[in-house]
Amino acid sequence: MATIRDRLWTKAAMQRMPLSLALELSPMCNLSCKMCYVRKSPSEVRQGGGLIPGSQWLSWAEEARREGMLFPLITGGEPFLYPDFWQVFEGLQAMGMQTSINSNATLIDRETAKRLAKNPPIRINITLYGASAESYQRLCGDGRAFDRVQRAIGYLREYHVPIKFNCSITPHNIQDMEAIIAFAKELDVPLQMATYMFPPIRRDETKIGQNDRLSPDEEAEARVRSEYLQMDKEWLLGQTERYSRFVPLDQLHFDDERKSLHMVCRAGTSTAWLDWQGNLSACGVYRSMVVPMKDMSFAQAWKQVTEYTKEFTYRPACSICPNWRLCHTCIAMVHNESGSNDGRPDYMCRMNEAASRYYRIYAEQHFPEEAAKIFSQSEQTQRLRGDALPVAHDSCGIDEF
């Protein structure tokens with residue numbers, strides 16, 4: 001049954017309303033995470049024109065509100081470093097917005113938590129980078145941050161500020177994955193674990209198909225293991241059944257004539273991203289169409305973004321691949337992995353092929369009877385492979401703020 005939120009998203013997409021808008025107040029951060037796609041130093045920010053004042057952000061937010069914006073996301077960089085943070089946050093709350101905040105939580109002290117509690121956001125998304133000071137040192141360059149994060153979580157819980165945990169798994173903290181999951185369960189806080197890291201081409205255009213990240217095989221194993229540790233039995237078996245239909249890469253023909261695809265996620269339809277320099281785009285990690293807001297209203301810029309998104313097509317190898325519904329590749333992944341809108345995201349291909357293997361391994365190890373039923377139908381599975389995984393036309397999930 002569709003929820004009220006589901007109906008809101010459907011209506012927003014039909015009417016091209018910017019229901020959710022990410023406000024990237026600053027790219028500066030007090031951590032130096034190795035896989036980050038946006039971080040800039042203060043000198044780089046000055047060279048890029050400096051930070052935009054809070055009054056301007058609120059002016060744009062008010063214009064966006066009139067166009068239908070309800071769910072602003074304050075993000076960065078680290079937004080608590082932004083000098084006018086409170087002006088923007090409390091201004092959004094005064095508008096009646098359902099505001100959420102992305103933060104590494106290292107700057108949240110008792111007074112900050114107390115002030116947030118006076119008019120709390122719908123949640124603070126805290127990114128956890130490890131379960132020890134050693135992991136924070138390896139990944140973020142600051143081992144002392146771990147203790148600050150632990151204290152911040154305590155303050156936010158003390159003052160009943162809603163929180164959610166995000167976690168980016170990399171070679172530098174993968175050994176902490178089980179401990180992070182256990183910590184979230186102990187506190188009964190939702191946890192979203194990301195094992196795929198986008199190539200950071202916003203920060204460095206030479207990083208096409210590269211990042212300080214897990215190999216495709218390591219990513220697949222980490223993803224399946226995290227799902228096994230967090231999700232219920234039915235979820236894992238459902239994924240095992242779906243991935244049993246994965247067509248091996250050596251059986252595919254990527255040189256066949258490709259189809260033209262439209263963007264299928266919410267980006268540029270019901271969500272948008274406003275960066276620290278005042279540029280509006282559909283997506284924070286795909287920047288082919290960026291509209292400067294300096295000389296136009298939000299409504300004018302949003303219209304340009306939606307018209308571009310509606311007309312834009314691309315022809316990746318995914319368009320003829322029967323595995324696309326499983327891989328959920330979007331234009332941002334295709335472009336950032338291959339360097340072209342029409343390329344092949346090889347990392348994604350190999351990652352999902354490995355995932356099909358690990359789903360089977362975990363299912364056979366932990367639920368052998370059910371796994372045997374799934375794989376005893378191998379003949380039927382082979383027959384279904386050609387037609388059971390049509391090109392997906394639902395949201396790819398990249399736009400989930």
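Visitor: Let's start with strand β1, residues 20-24: how many of its residues are buried?

Guide: A strand is a DSSP run of E with at least two residues, a helix is a run of H or I with at least four, and both are numbered from the N terminus. Buried means under 20% relative accessible area, exposed means over 50%, and partly exposed is in between (1.4 Å probe, protein chains only). Ser20, Ala22 and Glu24 point one way from β1 while Leu21 and Leu23 point the other way, and all are buried. So β1 is largely enclosed by the rest of the structure, and the number of its five residues that are buried is five.

Visitor: Before we go on, what kind of model is this?

Guide: Residues are numbered from 1 along each chain as its sequence is written, and side-chain values use heavy atoms, with hydrogens and water left out. Local features need pLDDT of at least 70, side-chain atom pairs count only at pLDDT 80 or more, and totals for chains, interfaces and linings use all residues, as this is a predicted model.

Visitor: What is the relative accessible area of leucine 23?

Guide: Leucine 23 sits in strand β1. Setting aside neighbours within four places in sequence, leucine 23 is in contact (heavy atoms within 4.5 Å) with Trp57, Pro72, Leu73, Ile74, Thr75, Leu92 and Leu274. Leucine 23 counts as buried because its relative accessible area is 1%.

Visitor: And leucine 8: is it buried or partly exposed?

Guide: You'll find leucine 8 in helix α1, residues 4-15. Beyond its neighbours within four places in sequence, it touches Leu19, Leu70 and Phe71. The C-alpha atoms of leucine 8 and leucine 19, 11 residues apart along the chain, are 8.2 Å from each other. With a relative accessibility of 32%, leucine 8 counts as partly exposed.

Visitor: Let's move to a helix: what is the relative accessible area of arginine 223?

Guide: Arginine 223 has its place in helix α9, residues 216-230. Leaving out neighbours within four places in sequence, arginine 223 contacts Thr195, Tyr243, Met351, Asn352, Ala355 and Tyr359. Arginine 223 is buried because its relative accessible area is 13%.

Visitor: How far apart are the C-alpha atoms of serine 226 and glutamate 364?

Guide: Serine 226 is also part of α9, and with a relative accessible area of 4% it counts as buried. Glutamate 364 is 138 residues away along the chain, and the two C-alpha atoms are separated by 17 Å.

Visitor: Zooming out, what is the radius of gyration of the protein chain?

Guide: The chain has 16 helices and 11 strands, and its C-alpha atoms fill a box of roughly 65 × 45 × 45 Å along the principal axes. The radius of gyration is taken over C-alpha atoms, and the globule rule is 2.2 Å times the number of residues to the power 0.38. For 401 residues, a compact globule would come out near 21 Å, which agrees with the chain's 22 Å.

Visitor: What share of the 401 residues counts as buried?

Guide: Residues 24 or more positions apart make up 75% of the contacts with a separation of 6 or more. As for the share of the 401 residues that is buried, it is 51%.
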